[in-house]
Amino acid sequence: MKITVINGQNHKGSTYNIGKILADKLGGNVTEFFLPKDFGEFCTGCTSCFLKSETLCPHYQKLIPITKAMDEADILIFTSPVYVYHTTGAMKAFLDHYGYRWMVHRPEKKMFSKQAVVVSTAAGAGTRSTNKDIEHSLFFWGVPTVYKLGFAIRATSFSQVSDKTKSKIDKKTTLIAEKVKKKYGRVNVGIKTKLYFGVMRMLQKGEWNEADKIYWQERGWHLKNRPWKNKSN
């Protein structure tokens, strides 16, 4: 099992520790990145990735190691503390760079066979909206199964988290780890993803972005092939 962890902060605080607890329970080979240390660029809005190719993005080369690790992983773990009721700016800037991979454009086939877990922590409220920030991208990338873990830790460091809360963290991460391992290697694409993909498929048959249209045609997705069925595309 290959696991790629994207941490939405540089420091190893509570959110990082919960992500690590989960990764340890899953086992396997872990590749880890910290934002903005490993990638901290903001999208310039040049639209090159949408209209032509993602390789023309001014930050494309910097993203290659993370993109490669995400594509090769079986499990994706995204962690982010709550910043003003949402994900960190570093995580948002990172996700902005993969807009071209949304199903409306050029989704990566490998995403349709993965599982993902989103982890967030807050001193109080905001984990739900923070998890949703990241879940949006995962769904529109085509990831079929996304689990969400949010904890109101009421502390500014993991060492200050109460034993009661740590017990809750232990139970919930164990539960999610068991679910992930049970589905490992046999993830099914749900009806919501299939329906949305179908709508995008109809768009690709019309007058649409040329780069996207060619991408879909090369894979036969505008006809009968699907990224979760045909092994050669």
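Helices (H or I, at least four residues) and strands (E, at least two) are taken as DSSP runs and numbered from the N terminus. The structure is a predicted model, in which local features need pLDDT of at least 70 and side-chain atom pairs count only at pLDDT 80 or more, while totals for chains, interfaces and linings use all residues. Residues are numbered from 1 along each chain as its sequence is written, and side-chain values use heavy atoms, with hydrogens and water left out.

The protein chain contains eight helices and five strands. In sequence order these elements give the pattern β-α-β-α-α-β-α-β-α-β-α-α-α. The radius of gyration of the protein chain is 18 Å, close to the 17 Å that the globule rule gives for 233 residues, so the chain is as compact as a globular protein of that length. Here the radius of gyration is taken over C-alpha atoms, and the globule rule is 2.2 Å times the number of residues to the power 0.38. Along the principal axes, the C-alpha atoms fill a box of roughly 55 × 40 × 30 Å.

Of the 233 residues, 50% count as buried (under 20% relative accessible area; exposed is over 50% and partly exposed in between, with a 1.4 Å probe and protein chains only). The accessible surface of the protein chain is about 11700 Å², and 54% of this belongs to carbon and sulfur atoms. Accessible areas come from the Shrake-Rupley method with a 1.4 Å probe, and for residues only the protein chains shown count as cover. Among contacts (heavy atoms within 4.5 Å) with a separation of 6 or more, 79% are between residues 24 or more positions apart.

Thr-145 is found in strand β5, residues 145–152. Thr-145 counts as buried because its relative accessible area is 8%. Not counting residues up to four places away in sequence, Thr-145 touches Lys-114, Gln-115, Ala-116, Lys-183 and Val-187.

Ser-48 belongs to helix α2, residues 48–51. With a relative accessible area of 18%, Ser-48 is also buried. Beyond its neighbours within four places in sequence, Ser-48 is in contact with Ser-53 and Leu-56. The C-alpha atoms of Ser-48 and Lys-172 are separated by 41 Å, the two residues being 124 residues apart along the chain.

Trp-208 lies in the loop between α7 (191–205) and α8 (210–219). Its relative accessible area is 31%, so Trp-208 is partly exposed. Together with Val-199 and Leu-203, Trp-208 makes a nonpolar surface patch of about 240 Å². Patches are made of residues with over 30% relative accessible area and no salt bridge, like charges being joined within 9 Å and nonpolar side chains (Val, Leu, Ile, Met, Phe, Trp, Tyr) within 5 Å. A salt bridge is a side-chain nitrogen of Lys or Arg within 4 Å of a carboxyl oxygen of Asp or Glu.
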